[in-house]
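User: Please go through this model with me, term by term. For each label, I would like the value set against its cut-off.

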Amino acid sequence: MANYFNTLPLREQLNQLGEAEFMDSAEFSDGVNALKGKKIVIVGCGAQGLNQGLNLRDSGLDVSYALRKEAIEQKRDSWKNATDNNFAVGTYEELIPTADLVINLTPDKQHTSVINAVQPLMKQGAALSYSHGFNIVEEGMQIRKDITVIMVAPKCPGSEVRAEYLRGFGVPTLIAVHPENDPEGKGWPYAKAYCVGTGGHRAGVLKSSFVAEVKSDLMGEQTILCGLLQTGSILSFDKMVEKGIDAGYASKLVQYGVEVITEALKHGGVSGMLDRLSNPAKIKAFQVSEELKDIMRPLFQKHQDDIMSGEFSKTMMEDWANGDANLLKWRAETGETAFEKTPAGDVKISEQEYFDNYLLMVAFVRAGVELAFETMVEAGIKPESAYYESLHETPLIANTIARKKLFEMNRVISDTAEYGCYLFDQACKPLLTDFMKKVDTDLVGKNFNEGKDGSVDNVQLVQVNEILRNHPVEIVGVKLRQAMTAMKAIKTV
Amino acid sequence: MKQPLVQIVQLNLQYADQVVLSDFNWTIYAGENWVIGGKSGTGKTSLAKTIAEDKHPAHVYYVSNWYQFTNLEGDRNFYYQQRYNKFQTNDTLTVYADLLHFGQKHGLDFADAEPILEALGFQNCKDTQLIELSSGEHKKLQLVQGLWLRPKLLIIDEPFTGLDQQSRVNLLDIFDKIAEMGTSLILVTNEENLPTCINRFAEIENGKLRVVEHPADFSKDARRNKKPIPYFLQQAPSFTNTSVVELRNVSVRYGDKVVLKNVNWKINAREKWLLQGPNGSGKSTLLSLLNGDHPQAYNADVWLFGAKRGSGESIWDIKEKVGIISPEMHWYFDQNATVWHTIASGFYDSIGWFLEVKYEEKKRIEQLLDFFDLLPYKNQLLRTLPLGKQRLALLARTIIKNPPLLILDEPCQGLDVAQTNHFNAVVDELCANGNTLIYVGHYESQIPSCIEHRLLLEKGEVVEEVTI
C-alpha cells in the first residue's frame with residue numbers, strides 16, 4: 001500500500017491539509033436523523049468503543065458490537081464491556097453484513113488487519129467510520145468504492161466522552177469525509193448525525209479532512225503533548241535532585257505540577273497560564289521560553305517535515321514489522337528513570353506553589369504549544385486544527401502524567417504517539433544540555449519570587465503581555481474555547 | 001482535676017470574608033456526649049472539621065456528611081450515573097478492600113468491624129465497589145469506619161442522613177455502647193430521636209458556643225411565609241399516554257449479583273406513589289430504569305410514556321418528561337454551577353448549565369428563586385451554600401419545567417423539619433394540578449399527604465404494593 005498523501009498532486013495536498021471549518025450549531029439541526037433506524041456496528045470495545053456506543057444508543061440509535069471470535073470465546077474485557085452493558089455482541093461474520101455503518105474503534109496498529117477482515121463482509125453501499133486517519137493516509141488503505149468513509153474523532157478520552165454526554169454536554173469533535181469514498185454523498189449527513197449521537201455538537205465541531213487530522217495529530221502528540229512534557233519533566237526532576245532539593249518533593253512537583261499548570265492553560269490559553277505568575281516571574285518565564293523556542297525550533301520543524309514526507313510513518317511501520325523492537329526498548333528505558341522510580345513525597349504543595357516553584361515548566365509549555373502551533377500552520381495546517389492538536393490536548397495528557405507518571409502516560413496514549421514521543425525525547429535532551437546547565441532552583445524547585453521585591457519595568461511588561469496575547473494560538477483559542485466554556489475541570493490533586 | 005479531651009481557646013475562623021467562629025471557646029471532657037444543633041449556616045460543620053484537624057485519628061476522628069472517594073488512579077471526577085455503566089478497567093476499590101485498608105492503617109482487628117457491619121445491614125456489601133454504593137450505603141461505610149476506630153472523641157456530621165429505619169435504631173444502640181466503652185461523641189444534627197448517652201447540647205450563635213439544656217431550646221430557622229405557587233406551575237402538565245411507567249417482570253443483575261428481581265410496576269398518569277425499602281434494596285436502581293440512566297433498561301420490558309425502551313427514543317426524550325432529584329445527583333452535581341445556573345439547567349436536563357435560556361424561561365427562574373427564598377443567593381456557587389439551601393435550589397431545578405412525572409428520591413435529605421414540611425406542601429399543591437409522583441422517603445412523618453399508593457422493595461423484590 002502506498003502512502004495516500006504522497007500520491008496526491010501538490011494542489012490537492014494543500015487543499016486537504018487546509019480543510020478546517022468551525023461548524024455552526026445550526027448545521028446539526030437534523031440531529032441523529034440520518035442514522036435513525038440504521039444498523040450501527042462498532043468494532044472494538046475499549047474505552048472509546050464502549051463509551052461512544054453507550055452515547056449513540058442513549059441517543060436513540062441501534063448499536064451492537066462486532067468482536068473477534070477469540071475475544072468472545074475467551075470472554076475478554078471487550079466482550080465483558082459490551083455484554084455487561086446489555087449490548088448485542090457477535091463475530092465479524094455475524095454482524096458486519098447487517099451493518100449500515102461500521103465504526104472502527106480498534107487501536108491504530110490493528111487497523112490494517114481489522115479492515116482486511118471487515119471490508120469483504122460489508123454490504124454494498126455501507127459506510128465505514130474511523131476516529132483516526134493513519135490507516136487511510138499513511139498506510140494508504142484502499143476502501144471499496146461503493147463504501148462511504150467518514151471520520152468522527154472526539155478530542156478527549158473515552159471516559160470523558162461518556163461523562164460529558166450524561167451531563168448534557170459533549171466534547172470537542174473533529175469530523176471528516178474521505179474524498180475518495182463518498183459515492184452517494186451521504187458522508188457528511190452520516191458524520192454529523194454520528195457526532196450528534198455522541199454529544200459532540202454541543203462542544204464545538206471542526207470540519208476537517210483525513211489528511212489534516214493525521215498530519216496535525218502526529219505532530220501534536222510527538223512534540224508538545226507527549227514528547228516535550230516527557231523531556232521537560234525528566235530534566236526538571238534531575239535538575240532539582242542535582243541541586244539538593246528533596247527527591248520526594250521534586251517528584252511530586254513534577255508529577256502534579258504539569259496538570260495544575262496546564263489547567264490554567266485550558267481555561268485561559270498561554271496568556272492565562274502566564275497570568276498565574278507574578279509580574280517578574282512572568283517576564284522571566286517569557287524570556288526563558290523565547291530561548292527554548294529558538295533552541296527547539298529546528299527539532300519541531302524536523303518532526304513536521306518527516307511527518308509530511310511520510311518518513312516518520314515509514315520508520316515506525318518498519319519497527320512494527322520488526323516486532324516493535326525499538327518501541328519496547330524505549331518503553332523499558334522510560335520505566336527506569338529516576339523520576340519514575342521516586343514516589344511523590346508526602347508533602348503539601350498548594351495550587352499557587354506549583355506555578356511559583358515550577359516556572360521552568362510554564363516556560364516549557366509555552367514554548368512547546370507555540371512552536372507546535374506555529375510549525376503546523378507554516379506547513380499548511382489551519383489554526384483551528386493546530387489548536388486542537390496542540391493547546392487543547394495538553395491538559396489531557398498532563399492529567400495522565402498526574403495519575404501515574406510518564407510510564408503510565410505512554411501506556412495510555414496510542415503506540416503511534418508513544419513511538420513519536422520517544423523519538424522527540426531522545427533528540428531534544430541533547431539539544432537542551434547547555435541550556436539546562438544554566439538553570440538553577442529559582443526556576444525549578446524554589447519560589448522564583450523569594451527575595452525579589454516584585455517591581456518590573458512598565459514598558460517591558462506591556463510588551464511581554466502583548467506578544468503573549470496576540471499570538472495566533474491565542475486568537476483562535478478564544479474563539480474555540482467559547483464553545484466549550486462548560487468543560488469540567490479534571491482534577492487529581 | 002479532670003483532663004479535657006479537647007480544649008479550644010479563642011478560636012477565630014473565617015470563610016472567605018465571612019466570620020464563622022470568633023473568639024470561640026469550648027472544652028470537652030471525657031464522659032461528655034454532645035449534640036450540636038441549631039440553625040443552618042451557623043458553622044456547625046466548619047467547627048466539627050476544625051476540632052479534628054491535625055489531631056491523631058485515635059484521639060479525635062471526624063466523619064463527614066459525605067466522603068468523596070477516589071478511584072484507583074486518584075480520580076474523583078465521577079458522574080452520578082456512573083455506577084450503572086460497567087467498564088472492566090478503571091475500577092474503584094471494593095467495600096471490603098476499603099475497610100481492610102482502613103483497618104491496616106489504624107491497626108484494627110477486622111473481627112471488631114463485623115458486628116457493626118451486621119447492625120447496619122451492610123454485610124452484604126463487602127464485594128460491592130465504592131462507585132456502586134447508594135448514598136445511604138456510603139453513609140454507612142463512613143459510620144462503620146468511625147465506630148470501628150473508637151477514638152477518644154468521635155465527631156459525626158449528620159449521622160442519620162439517608163439511613164433506613166432499622167439501621168437508625170441499631171445505630172442509636174451502637175452509639176450508647178461505644179460511649180459506655182469510653183468514646184465521647186459529638187453529633188452534629190437536629191434530629192430529635194437521639195442516643196440515650198447524649199448529655200450535653202449546644203449550638204453556635206454569632207460565632208460563639210451557646211450551651212442549652214435541651215434540644216427543644218435550639219434556635220429554629222425563621223418560619224417560612226408560604227408564598228403562592230408561581231402561575232406556570234399551576235398548569236396541568238400534558239400527558240400523551242395514560243400509562244406513564246410499566247415494568248413487566250424486570251430483573252437487573254451485575255454478574256451474579258441480583259439487584260432487582262422480577263419487578264412489576266404500573267403507574268398511570270396523575271397517580272402518586274411512595275417507594276420505600278431499606279438501604280441497598282434496589283430503589284435507586286429501580287428509579288434509574290425510569291429516567292433513562294440505566295443501560296439494562298434496553299433489554300428489559302420497560303415501557304415509559306407508552307413507548308418501549310430501545311424503540312428509537314433518546315434518553316433526552318425521556319428526561320424531558322421527568323423531573324428528578326436524588327442524593328446521588330446532588331453529590332455529583334456541577335461544582336461550578338451558581339444557584340441560577342443550577343435551576344436553569346432543569347430546562348435542559350443537564351448537570352450544570354450550557355445552553356442559552358429563553359426570555360420566558362428566565363422569568364420562570366426568577367419566580368422560583370423568589371418562591372424558595374433563594375433570590376439573595378442566585379449568583380452564589382451552589383457548593384458554597386448550606387446543604388439545606390443547596391437542596392432547595394436542586395428542588396427548584398427539578399420542578400421548573402413542570403414535568404408530567406416527578407421522581408423525588410429522598411428530596412428532603414438535609415432539610416430541617418420546617419423546610420421539609422414546606423417542601424412537601426409544595427409537592428402536594430403541584431400534584432393537585434396533575435403531576436404524576438414517585439416519592440422516596442424512609443419516614444412516614446416526612447412524606448407529602450397526596451400519596452395514594454405504596455411500593456415496598458426488599459432485596460430487589462417487590463414485597464408489598466398497596467393503595468393507601
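Analyst: In chain A, 81% of the contacts with a separation of 6 or more are between residues 24 or more positions apart; a contact here means C-beta atoms, placed from the backbone, within 7 Å. This is a predicted model, in which local features need pLDDT of at least 70, side-chain atom pairs count only at pLDDT 80 or more, and totals for chains, interfaces and linings use all residues. Residues are numbered from 1 along each chain as its sequence is written, while chains are lettered from A and ligands numbered from 1 in the order in which they are written.

User: What are the scores of the model, and what is the mean pLDDT of chain B?

Analyst: The model has ipTM 0.87 and pTM 0.89. Chain B has a mean pLDDT of 89, with 97% of its residues at 70 or more; pLDDT is the predictor's confidence in each residue, from 0 to 100.

User: Why is chain A called as compact as a globular protein of its length?

Analyst: Chain A holds 24 helices and nine strands, where helices (H or I, at least four residues) and strands (E, at least two) are DSSP runs numbered from the N terminus. Its radius of gyration is 23 Å, close to the 23 Å from the globule rule for 493 residues, so chain A is as compact as a globular protein of that length. The radius is taken over C-alpha atoms, and the rule is 2.2 Å times the number of residues to the power 0.38. The C-alpha trace of chain A spans about 70 × 45 × 45 Å along its principal axes.

User: Why does Asn410(A) count as buried?

Analyst: Asn410(A) has 23 C-beta neighbours inside 10 Å and therefore counts as buried. The label needs 20 or more other C-beta atoms within 10 Å; 12 or fewer is exposed, and in between is partly exposed. Asn410(A) sits in helix H20 (residues 394–412) of chain A, and its contacts beyond four places in sequence are Arg331(A), Thr334(A), Glu418(A) and Cys421(A). Across chain A, buried residues make up 54% of the 493.

User: How do you know that the buried residues of H24(A) line one face?

Analyst: The buried residues of helix H24 (residues 472–482) of chain A are Val473(A), Val476(A), Gly477(A), Leu480(A) and Arg481(A). Down the axis of H24(A) they fall within an arc of 130°, so they line one face of the helix; the arc is that of the directions from the helix axis to the C-beta atoms. Their cover includes helix H12 (247–274) and helix H18 (359–378) of chain A.

User: What makes a nonpolar core, and which residues touch the most other members of the largest one?

Analyst: A core is a set of buried Ala, Val, Leu, Ile, Met, Phe, Trp, Tyr and Cys residues joined through C-beta atoms within 7 Å. In the largest, of 226 residues, Val102(A), Ile261(A) and Val362(A) touch the most other members. A second, separate core has 46 residues, including Phe122(B) and Leu185(B).

User: How many bridges join S1(B) to S2(B)?

Analyst: Strand S1 (residues 4–15) and strand S2 (residues 18–29) of chain B run antiparallel, joined by eight bridges; pairing requires that DSSP finds at least two. Pro4(B) has Tyr29(B) as its bridge partner. Two residues separate the strands of this hairpin, and in the turn Ala16(B) has a positive phi of about 55°.

Note on methods: Two residues are in contact if their C-beta atoms, placed from the backbone, lie within 7 Å.
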